[in-house]
Amino acid sequence: MKMYRDTRFSLKAKQNLSVLLLVLFFITTGCGGGGKGTDEINVDEDELSQDLQELKSDLNSTKKIFYSLPSPLETAMLLKSAGARYDEELLNPVSNTSKYTTNKKMALNLGIYTTDLSFASLYDQTQTSIKYMNASKEVASRLGILDIFSDTTIKRLEENVNNRDVIMDIISETFMNSSSYLVENNRAAISAIVLIGGWIEGLHIATSLVNATNFDNNKMVDRIADQKFSLDIVIKLIEKYSYHEDVASLLVTMKEVKDIYDKIEIRTTKIEPMKDESNNVTTLKSSSKISITPEVFNELTLKIKTIRKSFVS
Amino acid sequence: MKRYFQLIPVVVLSAALSVNSFAQCKTFAKNVCKPILDPFIHDGNYNAAILTEGEEAELYKTFYSGQVYRISICGSEALPKIQFKVIDSDNNVLYDNKSNGYSQTWDFKTEASQQLKVYIKVPASGKNQEEINSGCVAIMFGFKDE
């Protein structure tokens, strides 16, 4: 069994670090007011100890917040479970890859291509899946994400072209590789843009599959309305990374989408968890009522079409 | 003054271990946490961070009606058992793993789509006041292709 070492930060080590930083600060800023140099520094250890206690307290009270959007694979799964039919015309053509030269466009379209790849894979479109895997690889590579698909992964894919479970596992793993690469290289904001691109692609496919003739009692319409919950997360995600201009530039667009979603009403009853002991699965029992008019749906469809066009162009 | 410079190796080592630990988080999530999702399919999202004893985290996610989900939360060996709760928008606790032997997973489905909060806490071990342990904590979600 592999062992993973953990970092043990002793309080003493933190004290040492603080003291050293203070010492280095005084040295580099020439503490001494221009007088004669000195190698004696007086540190009030009581004050330092108090600061460290505050630091420890801050550390314990800081809360990390994650906002999790549906991944491209989950989006594709939701489309399929809502009864989507496969239509390749709805995907972003792979010939567009060369158009994307800015980080923002590359990130958005990495999300879009990964969603298209997931969608094609769930419908066993092997050749299309390979095409979109290559498109994702190309965009990811230009975005600086190296080896998103290793040679081993591509070989595994080729050997399992008819095994959907393996293909889904490959998509899941490669998406995690690209996300973790971005997060661990201080590019979490770019990772957020990838997710937003994928989320819009899911909405584009979903809204394109609904029209006036199949609007009523359509599970897809409910699924689209459900995105009201995820839109809330999209906006929080954008606000979290608003220091990044590419992320911040998406806020106005998403608030326009929110203005439309605000016209959709979803009422949910209180949740009652009920565990099925036979399979250990808990059902969160509750019901919801979604109110959406065809006019609001059309408005949403047009807005998503405009946004998606601006993303892929 | 001299004694502060003697601390340089300690500080450098501490910083190096921190960077090393961060890089290992992805490997930990992939090799230790992801297998716990089986037979569910990992959604591919990466939610992991270095947390310290006593630290809390929250994750917000929409769960869709009709889908069966598995939440998997795991922390590296240096950390005490991780506590997690699933909480609805009215602040009702739907699940608390503390009442279930600090289980690392929870399987559920929801009849109505909704946004839920996953609250995570790394309990303080209380063993040694002079030492704070840190380690990777990963939150992963799986679903079924049905």
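Reply: In this predicted model, helix α4 of chain A passes helix α5 of chain A in a left-handed crossing, meaning that the near helix is turned anticlockwise from the far one by less than a right angle. Local features need pLDDT of at least 70 and side-chain atom pairs count only at pLDDT 80 or more, whereas totals for chains, interfaces and linings use all residues. Residues are numbered from 1 along each chain as its sequence is written, with chains lettered from A and ligands numbered from 1 in the order in which they are written.

Me: How are α4(A) and α5(A) oriented to each other?
Reply: The axes, lines fitted to C-alpha atoms over the stretch in contact, with angles from 0 to 180 degrees between N-to-C directions, come within 9 Å and cross at roughly 160 degrees. Angles over 145 degrees count as roughly antiparallel. The two helices are therefore roughly antiparallel.

Me: Is α7(A) mostly covered or uncovered?
Reply: A residue is buried if 20 or more other C-beta atoms, placed from the backbone, lie within 10 Å of its own. In α7(A), 15 of the 21 residues are buried. This helix is thus mostly covered.

Conventions: A residue is buried if 20 or more other C-beta atoms lie within 10 Å of its own, exposed if 12 or fewer, and partly exposed in between; C-beta atoms are placed from the backbone. Helices (H or I, at least four residues) and strands (E, at least two) are DSSP runs, numbered from the N terminus. Angles under 35 degrees count as roughly parallel, over 145 as roughly antiparallel, 65 to 115 as roughly perpendicular and the rest as oblique.
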